[in-house]
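Dear colleague,

Please find below the structure that I am handing over to you.

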Amino acid sequence: MINPREVADKSITGNLSKSIKMSLEIESESVRKNTQTFNSNRYSAVSAIDDYQELKDKAREIKEHSIENLPELLKQLEESVKTNGGKFYLAKNAEAACGYIKRVCQSHKAKLVVKGKSITSEEIKLNSELESAGIQVAETDLAEFILQYSDEQPSHIVAPAIHQSRERISKLFMEKFNPPKPLITGEELTRFARNKLRDKFLNADIGITGANLIAADTGTIALVESEGNIRLTYSLPPVHIALTGIEKVIPSTEDLPVFIELLAASGTGQALTSYTSFIRPPLNLPVLKDNKKLKDKREFHLVLIDNGRTAMREDDELRQALYCIRCSACLNSCANFQAVGGHAFGGETYTGGIGGAWEAGTGTIEKAGFAELCTGCSRCIPQCPVRIDIPGLNETIKQRLTNKNKLSKEKIQKQILSNFTIFAKFGHRLNRLNKFVNNSRTVRLLLKKFVGIDRNRKLPESAPITFAKMYKKQKRDINADSTIKVVIFPDVYTNLYFPERGIAFVNILNRLGVEVSLSKSIPAGRASLSQGLIKQAAKRAEHVTDHLMGYIDNGYSIITCEPSVLALFRQDYKNLLKDKEKFFNLHLHSYDPIEFIYLVLKQQNKKPSDIFNAEKLYGKNQVFYHGHCQLKTIDAQRPTIQILEETGIDVITSEVECCGMAGSFGYKKDFYDISIRIGEDLFRQIKEADKQGERTLLASGVSCRDQIFEGMNRGVIHPVQLLEMMMTEV
Amino acid sequence: MNDREALINIFMESALKTGASIEFVKNNSELITKTLRNSVSIANSIVVADEEILNSLTGDYFSDNSIPTLEKLEKADLGISYAFAGIARTGSIAVNIDSGYGAYVSLLPQKHIALLKIENIVYNPRDIFTEDFVNSFEAHNGIVVISGPSATADMGELVKGAHGPSRLHLIIIKPEEIVEENEA
């Protein structure tokens with residue numbers, strides 16, 4: 001069995017795939033269970049905050065302002081800390097920070113240091129520094145305590161031992177401590193560790209904590225925890241050192257609760273965690289007479305580290321990572337993270353979607369190689385309490401890594417996958433080349449070797465006739481006098497693979513008397529973006545937008561059937577288009593087909609049941625609907641569920657964040673197993689829903705459709721096709 | 001039901017959700033003492049946060065707990081402190097941990113009882129961080145917002161009582177004129 005530490009550094013070739021394999025084998029079950037619990041708790045916790053959206057705006061604003069004014073804030077904070085009677089040290093790098101802390105320990109002849117949870121101390125490898133100076137370090141957070149004995153790096157930024165099951169912990173404790181009685185239950189394990197650590201607390205010379213936030217105006221530190229070990233760490237030993245990054249400083253004490261409320265709800269999904277301390281050390285807390293360690297006067301040191309953060313601050317693309325409050329919402333809401341956890345989807349210190357930017361910022365860009373595991377599904381975007389565009393950060397990392405490896409095989413593979421359109425068209429023209437590919441073992445082996453496509457995956461087979469051609473052939477009423485005009489952007493997926501959904505939509509629009517046009521079918525940049533080829537994506541974005549602007553200027557609404565393409569228009573083009581006004585125009589005028597149908601019905605004062613009749617399904621009105629990750633993020637999924645329910649359809653909706661296919665991600669040989677592991681959650685939900693009889697399967701996205709089709713071996717249609725079946729005569 | 005009553009109801013509901021238990025008592029030192037004696041009758045060793053608590057209790061039951069020692073604190077079954085504020089939405093209480101022994105008595109023993117005046121309950125955590133509060137920070141060099149007993153899920157399942165108390169009991173003190181409510 002390999003230790004996760006051996007494969008933590010993702011700059012080493014092969015470590016990413018080795019760590020994925022290890023995680024899927026050993027850690028996946030615990031990680032999945034725990035992250036999914038955090039995830040669903042988060043949804044209910046944030047819904048209990050009345051002004052959640054406004055609070056997020058406020059938090060974002062404060063963080064932007066703080067990073068902008070960081071040098072001044074640090075000066076102000078230094079004054080506050082000194083006024084309070086503490087000492088302030090700003091460390092340029094890990095070496096300086098470790099050196100300072102070591103000197104403080106030595107000045108007190110410290111033999112034992114107790115530590116609260118501090119990810120920053122992992123970043124600077126403080127423990128080994130202190131231990132090599134003969135100072136014993138006791139990790140007191142129970143998760144960190146486990147990791148100290150299993151010698152693993154954290155697998156999650158909030159719950160560092162989230163990958164450990166109770167059975168594994170029990171085994172570890174039996175081996176390491178040989179207790180008189182077996183330790184089996186969570187209660188027994190916790191009690192054992194608590195007693196062991198109480199002893200350390202009572203004998204410690206120095207306590208080291210992190211800091212979740214620091215207010216520059218008063219020097220107040222906020223510390224968030226559930227166990228009480230952080231409180232013990234700063235209140236029992238006579239000397240307290242708080243170590244954290246410079247980005248944790250905000251201007252005002254009054255604003256601390258803004259972040260605390262968001263942090264607890266977004267992280268573990270609690271209103272607040274058990275203990276939130278706001279302290280301005282050194283505390284006046286009375287000296288306990290029989291505690292020999294406690295001198296008359298307490299001592300406090302605030303150690304802030306830069307270690308690459310100033311460079312991040314000056315980097316227009318990575319700066320927003322500094323706004324992170326380490327809540328872990330982007331980890332828990334990520335389907336890939338749920339499947340493998342932070343030992344694969346993470347580096348030596350930082351984990352998950354946000355982890356890439358931090359490994360890059362505090363280490364090297366190569367160490368952020370796990371950013372490949374971000375598929376751009378975007379589910380983390382609405383969960384982030386400071387509105388960081390996490391997929392955007394990962395696209396930047398991928399682009400920078402690609403730029404560095406000019407001639408590598410990976411780069412060529414990326415080029416091929418990002419030119420999916422050409423690939424698909426080629427297959428289409430050569431009389432369904434893909435069918436041949438799918439039937440040939442040799443060709444599939446070659447694809448695996450040279451393009452990186454897993455041999456278990458079938459390439460999508462193109463339709464005999466494209467959507468554009470079908471559209472031209474079809475006889476339809478011309479609604480030239482209609483006040484509502486739409487242009488359908490025939491995304492490559494609808495055009496070459498699933499023309500049926502496009503045609504179904506056109507038929508409904510005809511029934512509603514809407515004037516329909518078809519735009520050119522050109523690549524929109526989704527495939528380029530998910531490969532991290534930002535420049536190529538930007539070029540495509542400009543091209544598509546210029547083409548569509550002509551329609552918008554003439555009063556057309558833009559519709560595209562593929563959610564990942566709609567998400568480009570509504571979200572990703574913001575970063576890609578030079579002219580932001582163009583983006584907002586496109587953003588405002590583009591719709592998902594059913595979202596648009598819903599609006600038209602409203603405008604025409606019609607109810608969905610006036611047009612769609614569930615009776616036309618002859619009793620088959622039970623459906624299972626899997627939305628689409630990006631459709632959920634841009635909030636365009638709700639109308640689909642609403643319209644189905646309002647027409648009398650019995651809808652069960654999937655609860656997974658993403659299907660796991662995510663464009664070309666699930667096709668890649670390195671990621672195929674993760675993709676299937678994620679798919680299993682979805683398949684399980686379908687089977688559960690099918691218990692009262694098999695349901696019609698609906699999916700909005702092509703990738704989701706492929707994933708479900710392969711996993712369930714059953715037909716999957718777009719909801720618009722179901723609506724078409726239910727459409728009444730005029 | 002007026003706004004104030006609604007706020008108290010929210011507080012009760014949220015506090016129970018954190019795993020705390022709650023009871024109400026009228027602001028009368030004899031009644032408070034009686035209530036406390038009921039809650040502590042099984043405790044072998046009790047520590048209190050400060051003189052104010054001692055003064056608010058009558059009789060000699062609590063008198064030998066004048067100044068806690070570390071040993072006493074470590075072995076105590078029960079710690080009693082005031083909470084200077086309650087937070088309805090999150091079911092939390094705020095305890096001063098800078099002066100007195102509040103930091104220790106709310107953390108070291110197995111059980112923590114906090115006395116909270118009903119008029120000090122606010123809605124959101126941010127509501128205790130008013131300008132006045134921040135300006136008077138001298139008196140609050142350290143505070144801890146407590147939401148339920150200490151807990152961990154690190155050992156594979158949720159366990160109450162990690163490094164801190166496994167039980168948190170809130171005694172809400174109402175002005176004497178308010179008609180007594182049912183215990184929750």
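**The interface of chain B and chain A**

Across the interface of chain B and chain A, 29 residue pairs are found in polar contact, both residues being at pLDDT 80 or more. Please keep in mind throughout that this is a predicted model.

On the side of chain B that touches chain A, several elements each supply at least two residues: helix 4 (70-75), helix 5 (102-105), helix 6 (131-135), strand 8 (142-146), strand 9 (151-152) and strand 10 (159-160). The largest share, five residues, comes from strand 8 of chain B.

The contact as a whole takes 62 residues from chain A and 53 residues from chain B. Between the two chains an area of about 4900 Å² is buried, and carbon and sulfur atoms give 55% of that area. Within chain B, the residues that lose the most area to chain A are R126(B), M155(B) and H163(B), which together account for 18% of what that side buries.

**Salt bridges**

Side chains of opposite charge can pair when their charged atoms come close. A search of the whole structure finds 40 salt bridges over all chains, and four salt bridges are found across the interface of chain B and chain A.

R126(B) forms a salt bridge with D51(A), and the closest N and O atoms are 2.7 Å apart. This pair crosses between chains: R126(B) lies in the loop between strand 7 (121-122) and helix 6 of chain B, while D51(A) lies in the loop between helix 1 (15-47) and helix 2 (52-68) of chain A. R126(B) is also among the residues of chain B named above for the area lost to chain A.

**A pair of helices in chain A**

How do helix 26 and helix 27 of chain A run, and at what angle do their axes cross? The axes of helix 26 (residues 563-576) and helix 27 (residues 580-589) of chain A come within 8 Å and cross at roughly 175°. An angle over 145 degrees counts as roughly antiparallel, and the two helices of chain A are therefore roughly antiparallel to each other. Helix 26 of chain A makes the contact through F569(A), R570(A), Q571(A), Y573(A), K574(A) and N575(A), and helix 27 of chain A through K580(A), F583(A), F584(A), L586(A) and H587(A). The residues of this contact divide into five nonpolar, three polar and three charged.

**Backbone details in chain A**

Two points in loops of chain A remain. The peptide bond from P281(A) to P282(A) is cis, with omega near 0°; P282(A) is placed in the loop between strand 9 (275-279) and strand 10 (299-305) of chain A. K109(A), a residue other than glycine, has a positive phi, near 50°, and K109(A) is found in the loop between helix 4 (94-107) and strand 2 (112-115) of chain A.

With kind regards

Notes. Residues are numbered from 1 along each chain as its sequence is written. Chains are lettered from A and ligands numbered from 1 in the order in which they are written. This is a predicted model: local features need pLDDT of at least 70, side-chain atom pairs count only at pLDDT 80 or more; totals for chains, interfaces and linings use all residues. Side-chain values use heavy atoms; hydrogens and water are left out. Axes are lines fitted to C-alpha atoms, for helices over the stretch in contact, and angles run from 0 to 180 degrees between N-to-C directions. Helices (H or I, at least four residues) and strands (E, at least two) are DSSP runs, numbered from the N terminus. Angles under 35 degrees count as roughly parallel, over 145 as roughly antiparallel, 65 to 115 as roughly perpendicular and the rest as oblique. Contact means heavy atoms within 4.5 Å. Ala, Val, Leu, Ile, Met, Phe, Trp, Tyr, Cys and Pro count as nonpolar, Asp, Glu, Lys and Arg as charged, and the others, Gly among them, as polar. Buried area is the accessible area (1.4 Å probe) that two parts lose on being put together, summed over both. A salt bridge is a side-chain nitrogen of Lys or Arg within 4 Å of a carboxyl oxygen of Asp or Glu. A polar contact is a pair of N or O atoms within 3.5 Å; within protein, one must be able to donate a hydrogen and the other to accept it, and residues adjacent in sequence count only if both atoms are side-chain atoms.
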